[in-house]
Amino acid sequence: MMKLISRILAVAGKYQRNIRLAFLFSFLKSMFAKAPIGLGFIALTAFYNNTMTTDLCIIIGAGMLLSIVLQALSQNIADRLQSASGYWIFSDMRMDLGAHLRKMPMGYFTEGNIGKISSVLSTDMVFIEENCMSVIADMMSHIFSEIIMIIFMFFINIYLGIVTTIIVVVIILIAKGMERDALKDSSIRQNQSETLTDAVLDFVEGIGIIKTYNLLGDKSKELSDNFKETCRVSIQFEENHTPWQRILNIIYGMGAVIILSLSLYLYSQDMMEVPYLIGVLLFVFDLLGPIKALYSQSTRLTVMNSCMDRIEEVFQEQQLSDNGKDILPETYDGAEVQFDDVSFAYDEKVVLHNISFNLDKNNMLALVGPSGGGKSTIASLLTRFWDVNKGKIQIRGKDIRDIKLSQLMDQISVVFQRVYLFQDTIYNNISMGRPDASEEEVMEAAKKARCYDFIMSLPEGFQTIIGEGGATLSGGEKQRISIARCILKDAPIIILDEATASVDADNESYIQEAISELCVGKTLIVIAHRLNTIRNADKILVIAGGEIAQSGTHDELVKEDGIYKEFVSVRENTQGWNRNLKNQSA
Ligand SMILES: Nc1ncnc2c1ncn2[C@@H]1O[C@H](COP(=O)(O)OP(=O)(O)OP(=O)(O)O)[C@@H](O)[C@H]1O
């Protein structure tokens, strides 16, 4: 419980002062709330001793009224200070998380963490944001109230004070066990919520495949099993928690009875006066009220603690270092891109071994080879989607880790096979390649990427919104828009993941023309599948099993027995097949 408070304070940053101030007002509120009990005792004693006067009556009445007003006032100030801080803290935390995620290696997003990120942002943060401040305010008020009650009992009689303290300590110890258990169950519940988020995302993203492969029944069942499991885990959580609450309730009752019996005993031994006994009789069931209220919040507290665990887990993920200070030279006599003895592993799995090659400015390098050989990984290392484990990668003689990530990204454009366009206008989708580009430059890029005509044929032209609720474009059209974006960016190095799936002939020739425009005067790394592209490369690397199996030009490699020769003959046969099929259909 105190752990949660210190965790919230730790993340509160500049709002810590407000929260601490709110604690002070919570304390005052508790004092004013309990003041009528003290005044009640004074009144009882005065009646008992026959010393009650009109003045004292008025003072006690006014004191009670004043304590009610001051209690409401302190509560109001504490609530305002705390709830505003809560929303600010979590708004800042979301920004920090965004900044943190921006610095994570791309690998983090592709390794099944999307469900976790969404559930941290949507479930965990929202839950804490909505609950934490009210819960902390309540908790502080209950803790202070209980302390005031104990002090009060010491004031009435030292033995009563000691026994009340012991009972409260026993309750705290039992509640600790309950918290430990609940924390374990709660993390099971949170993990299940993450699994469910993953399953829902998977279902929604894969709906096309699911339908075409007639898997709707199976996948829907998987999803509904997941919902049932989530339901089961939540019920289990409540069921495991209820017996603890019952035990605590019994102990609250027993505690009150013990205090009551002790008071009667003390009275019978002349160790306590009548007004105090009456006072204890009146308030005994209120004595453990605050601690009872405190632990009735424990379910929410536990869930919050495990939400905080998961938020911290994401924050603790290693960021990609971005401390580089070197500036890339405009011109350089050596290689534009150089891999020097590079090895790389995804976690434990080593997928690249001692890769070394040079690529000169404005030259084209083709990466070819069997699937899973490591071609995409080589390209990803150049963009620092991950960092190498051994060796180094240089651009114009500078280790890419020694230059700022933003400068590195300015140097490279990537044309992915899978195009992603934002739900925005076509214009904005292109201009994000270079946000300060003029309208003419955007149009020019669209013309070079062979997409100007089809964009202009749309009713809204460049202002057409793409995506949900907007225009639907073919795969080839989207690809050309993404190429226009790259053309506008005008980075000197292009990484091109050539499409394996064939698009229709018209689109294919437009895409080829767009790519040719993009590549003029650039240094190119192409993950190549088309024989024509490969033949034009200045250098070909055959990547197999994470190593460079062969390297050379097309003419050199076809003369060697090896993977490349086989690869070319397979490609030629397929192209022959394609030609025959086209001729037959013509
Ligand atoms: N994010 C990842 N996490 C773990 N392993 C990965 C990841 N991405 C790729 N791999 C593995 O690394 C190896 C190299 O994959 P890579 O995608 O670089 O090969 P590739 O030659 O580009 O294959 P393809 O031609 O099929 O795209 C493969 O064994 C692959 O399973």
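This is a predicted model: local features need pLDDT of at least 70, side-chain atom pairs count only at pLDDT 80 or more; totals for chains, interfaces and linings use all residues.
**Entry 1: helices 6 and 8**

I started with helix 6 (residues 158-205) and helix 8 (residues 216-268), which pack with their axes 10 Å apart at an angle of about 175 degrees. Angles over 145 degrees count as roughly antiparallel, so helix 6 and helix 8 get that label. I also looked up what sits in their contact: 27 nonpolar, 13 polar and six charged residues.

**Entry 2: helices 2 and 3**

I checked the hand of the crossing, and for helix 2 with helix 3 it is left-handed. By class, I get 20 nonpolar residues, nine polar ones and one charged residue in this contact.

**Entry 3: the whole chain**

I stepped back for the overall numbers. The chain has 21 helices and 10 strands. It runs to 586 residues, and 30% of them count as buried. Taking contacts with a separation of 6 or more, I find that 79% are between residues 24 or more positions apart.

**Entry 4: the cores**

Which residues touch the most other members of the largest nonpolar core? I get L365, A366, L367, I483, A484, I525 and V526, out of 64 residues in that core. Helix 17 (residues 475-489) is the top contributor, giving six residues. There is also a second, separate core of 49 residues, with I8, Y15, L81 and M308 among its members.

I followed L367 a bit further. Ignoring neighbours within four places in sequence, I see L367 in contact with K375, I378, I525, V526, I527, A528, L541 and I543. I525 and V526 were already on my list of residues touching the most other core members.

**Entry 5: Q479**

Back to helix 17, where I wanted to look at Q479. Is Q479 buried or exposed? It has 27 C-beta neighbours inside 10 Å, and the cut-off for buried is 20 or more, so Q479 counts as buried. Leaving out residues up to four places away in sequence, Q479 touches V419 and I511. I also checked V415: it is 64 residues away along the chain, yet the C-alpha atoms of Q479 and V415 are separated by 8.4 Å.

**Entry 6: helix 12**

K375 and I378, two of the contacts of L367, are both among the buried residues of helix 12. Helix 12 spans residues 375-382 and is mostly covered, with six of its eight residues buried. I listed the buried ones as K375, T377, I378, A379, L381 and L382.

**Entry 7: more positive phi**

D341 is not a glycine, but its phi is positive at about 55 degrees. I placed D341 in strand 1 (residues 337-346). D341 counts as exposed because it has 12 C-beta neighbours inside 10 Å.

R396 is another non-glycine residue with a positive phi, near 40 degrees. I found R396 in the loop between strand 4 (390-395) and strand 5 (398-399). What is the burial state of R396? With 20 other C-beta atoms within 10 Å, R396 is buried.

Conventions:
Residues are numbered from 1 along each chain as its sequence is written. A crossing is left-handed if the near helix is turned anticlockwise from the far one by less than a right angle, and right-handed if clockwise. Helices (H or I, at least four residues) and strands (E, at least two) are DSSP runs, numbered from the N terminus. Ala, Val, Leu, Ile, Met, Phe, Trp, Tyr, Cys and Pro count as nonpolar, Asp, Glu, Lys and Arg as charged, and the others, Gly among them, as polar. A nonpolar core is a set of buried Ala, Val, Leu, Ile, Met, Phe, Trp, Tyr and Cys residues joined through C-beta atoms within 7 Å. Two residues are in contact if their C-beta atoms, placed from the backbone, lie within 7 Å. Axes are lines fitted to C-alpha atoms, for helices over the stretch in contact, and angles run from 0 to 180 degrees between N-to-C directions. Angles under 35 degrees count as roughly parallel, over 145 as roughly antiparallel, 65 to 115 as roughly perpendicular and the rest as oblique.
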